[in-house]
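Hi,

Here's the structure I promised to pass on. Have a look at it first, and my notes follow below.

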Amino acid sequence: MIHHITLIVLGLLLIVGSCIVFTNAIEHLGKCCKLNDGAVGSILAAVGTALPETIVPLVAILGAYITGKNINAGEEIGIGAILGSPFLLSTLAMFITGLAILIFTGTKKRTAQINTDYSILTRDLRFFLISYTIAVLSSFVHIYIIKIIIAVGLLAYYLTYVIRTIKRCQGGDCEEELDELIFQKILKRYNMPIIWFQIILSILCLIYFSHIFVEQIKYFAEIFKINPLILSLILAPIATELPEMFNSVLWVNSSKDQLALGNITGALVFQSCIPASIGILLTPWDFGQESLINICLVYLSTILLYVTTQKNKQISIHTLILCGIFYILYIIYVLSKILN
């Protein structure tokens, strides 16, 4: 038991560490491509920090099919990780960001005013609501060829989102002062091949460490007789969404609110398109009670964010903190299920 606990904690830390290495490289790539904070936050940083939660379900599903063992558990973990990520982003990540702003305001490190482009924020949320709805409704489709069309459509939809964001944000420099490229410290060189080498190596590490993490989830689900779906809805997203939450806290401390919120909303769009396509193609994509409640809470928190931002042309600390209530409600529900 101690061995498996050590592995799950170590796997979690290595996933986050690999993601930090990836994000470091992807932000330097954005700087080299002369993209501003809007594109870096919503596209590059979002894709970089969303990579673990994409790889975890992919490893869980494909690993089960390749080995021929625990296929149902692999599918449950995959679906849970895919659904859990948008839930955590729209509830806990927003709550932590709002709480961080409140704390830093109290310590006089910044003001309570959230400085962000509300039009980019509402656009991201609108893109997410559309793609998420398509992904959810596809669970009622049982003809595989139509599922393929939906999955391809979601990929095309995300590509459209990326192109529009880059066109809107290209032509300016990223305002954030970036940390030195990690491999630059080691190799004493800085160029595009070094950046790409760091990106590729971090992706390979993410795949391997995600495999370790998924195997431990299967182990604990079997030992404690808990549905792998429930474990993966809560445990996997907390592990894989740490980079988004960690980055957002750092950015709001520096009053870089566009980067902080764009990182989360951009990841929401990514999650509802790329991982959802994987789930539609490689799993039964059927939702039980736990999944449906999770989906409903995602809609409630996202609509709250969208309506208040659209109405006030700004977003407040209270709105962000209020999103945490939906997360607490789901945790209470899950704990009651486990205890029963």
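Helices H11 (residues 289-312) and H13 (residues 324-339) have axes that come within 10 Å and cross at roughly 170°. That makes the two, H11 and H13, roughly antiparallel (angles over 145 degrees count as such). Axes here are lines fitted to C-alpha atoms over the stretch in contact, with angles from 0 to 180 degrees between N-to-C directions, and helices are DSSP runs of H or I, at least four residues, numbered from the N terminus.

On the H11 side, the contact (heavy atoms within 4.5 Å) includes Ile 293, Leu 297, Leu 300 and Leu 304; on the H13 side are Phe 326, Tyr 330, Tyr 333 and Lys 337. The contact residues of H11 with H13 split into seven nonpolar, three polar and two charged (Ala, Val, Leu, Ile, Met, Phe, Trp, Tyr, Cys and Pro are nonpolar; Asp, Glu, Lys and Arg charged; the others, Gly among them, polar).

A caveat: this is a predicted model, so local features need pLDDT of at least 70 and side-chain atom pairs 80 or more, while totals for chains, interfaces and linings use all residues. Residues are numbered from 1 along each chain as its sequence is written, and side-chain values use heavy atoms, leaving out hydrogens and water.

Now to helix H3, where Glu 75 sits. Leaving aside residues up to four places away in sequence, Glu 75 touches Tyr 65, Leu 282, Thr 283 and Pro 284.

Cheers

Technical notes:
Parallel < 35°, antiparallel > 145°, perpendicular 65-115°, else oblique.
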